[in-house]
Amino acid sequence: QVQLVESGGGLVQAGGSLRLSCAASGRTFSTSAMGWFRQAPGKEREFLAQINWTGRSTYYADSVKGRFTISRDNAKNTAYLQMNSLKPEDTAVYYCNAGTTWSGVPGGNWGQGTQVTVSS
């Protein structure tokens, strides 16, 4: 099992950037696909991006394609989400997930989430 801790959220102006990190503990991180999701108030949790265990394959939701980049460093047991050109509608709690499929189906391991707020 993988334990996940997100960090890097905060308040940013529209058009700005943030990089989220997801630190993992447990021996299975390097062989697990990883994903990022977000949940805005009153909305369902939304799939954003997935990266396979090697880091060579990535998938993105249309809503963030071209603006967000998922990556990972297996030596550091950490996954990242680089977010550029942020919009107020990107405001949400962001979660990382272990075991996400390429089609956005989450696995069973979630972090506690990190708040991202984008001001207009």
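Q: A residue counts as buried under 20% relative accessible area, as exposed over 50%, and as partly exposed in between. In this predicted model, which of these classes does Ser85 belong to?
A: Ser85 is placed in the loop between β8 and β9. Its relative accessibility is 42%. Because that value lies between 20% and 50%, Ser85 counts as partly exposed.

Q: How many helices and how many strands does the protein chain contain?
A: Read from the N terminus, the elements of the protein chain run β-β-β-β-β-β-β-β-β-β-β. The count for the protein chain is therefore zero helices and eleven strands.

Q: Why can the protein chain be called as compact as a globular protein of its length?
A: The C-alpha trace of the protein chain spans about 40 × 25 × 25 Å along its principal axes. For 120 residues, the globule rule gives 14 Å. The protein chain is as compact as a globular protein of that length because its radius of gyration is close to this figure, at 13 Å.

Q: Which residue of β8 is the bridge partner of Thr69?
A: β7 and β8 (residues 78–83) run antiparallel and are joined by six bridges. In this pairing, Arg72 stands opposite Ala79. The partner of Thr69 in β8 is Gln82.

Q: Which residues form the covered face of β7?
A: The strand has one covered and one uncovered face. Thr69, Ser71 and Asp73 make up the uncovered face. The covered face of β7 is formed by Phe68, Ile70 and Arg72.

Q: What phi does Asn77 take in the hairpin of β7 and β8?
A: Most residues other than glycine have a negative phi. Asn77 has a positive phi although it is not a glycine, and Ser85 is another non-glycine residue with a positive phi, near 50°. Asn77 lies in the loop between β7 and β8, where it is partly exposed at 23% relative accessible area. In this hairpin, which has four residues between the strands, the phi of Asn77 is near 55°.

Q: How far apart are the C-alpha atoms of Gly66 and Ser85?
A: Gly66 lies in the loop between β6 (58–60) and β7, and it is exposed, with a relative accessible area of 79%. Gly66 and Ser85 are 19 residues apart along the chain. Their C-alpha atoms are separated by 9.4 Å.

Q: Which residues have the most contacts inside the largest nonpolar core?
A: In soluble globular proteins, nonpolar side chains tend to be buried together. Here, 43% of the 120 residues of the protein chain count as buried. The largest nonpolar core has 30 residues, and those with the most contacts inside it are Trp36, Leu81, Met83 and Tyr94.

Q: Which strands each supply at least two residues of the core?
A: The core in question is the largest nonpolar one, with 30 residues. The strands that each supply at least two of its residues are β3 (18–25), β4 (34–39), β5 (46–51), β7, β8, β9 (92–98) and β11 (114–119).

Q: Which side chains of β11 point to one face and are buried?
A: The side chains alternate along β11.

Q: In which sense, parallel or antiparallel, do β9 and β11 pair?
A: β2 (residues 10–13) pairs with β11 in the parallel sense over four bridges, and Gly10 stands opposite Val116. β9 and β11 are linked by three bridges, with Val93 opposite Gln115. The sense of the β9 and β11 pairing is antiparallel.

Q: What distance in space separates Val5 from Tyr95, C-alpha to C-alpha?
A: Val5 is placed in strand β1 and is partly exposed, with a relative accessible area of 48%. Leaving aside residues up to four places away in sequence, Val5 touches Ser21, Cys22, Ala23 and Gln112. Val5 and Tyr95 are 90 residues apart in sequence, and their C-alpha distance is 8.9 Å.

Terms used
Residues are numbered from 1 along each chain as its sequence is written. This is a predicted model: local features need pLDDT of at least 70, side-chain atom pairs count only at pLDDT 80 or more; totals for chains, interfaces and linings use all residues. Side-chain values use heavy atoms; hydrogens and water are left out. Two strands pair if DSSP finds at least two bridges between them. The radius of gyration is taken over C-alpha atoms; the globule rule is 2.2 Å times the number of residues to the power 0.38. Buried means under 20% relative accessible area, exposed over 50%, partly exposed in between (1.4 Å probe, protein chains only). A nonpolar core is a set of buried Ala, Val, Leu, Ile, Met, Phe, Trp, Tyr and Cys residues joined through side-chain atoms within 4.5 Å. Contact means heavy atoms within 4.5 Å.
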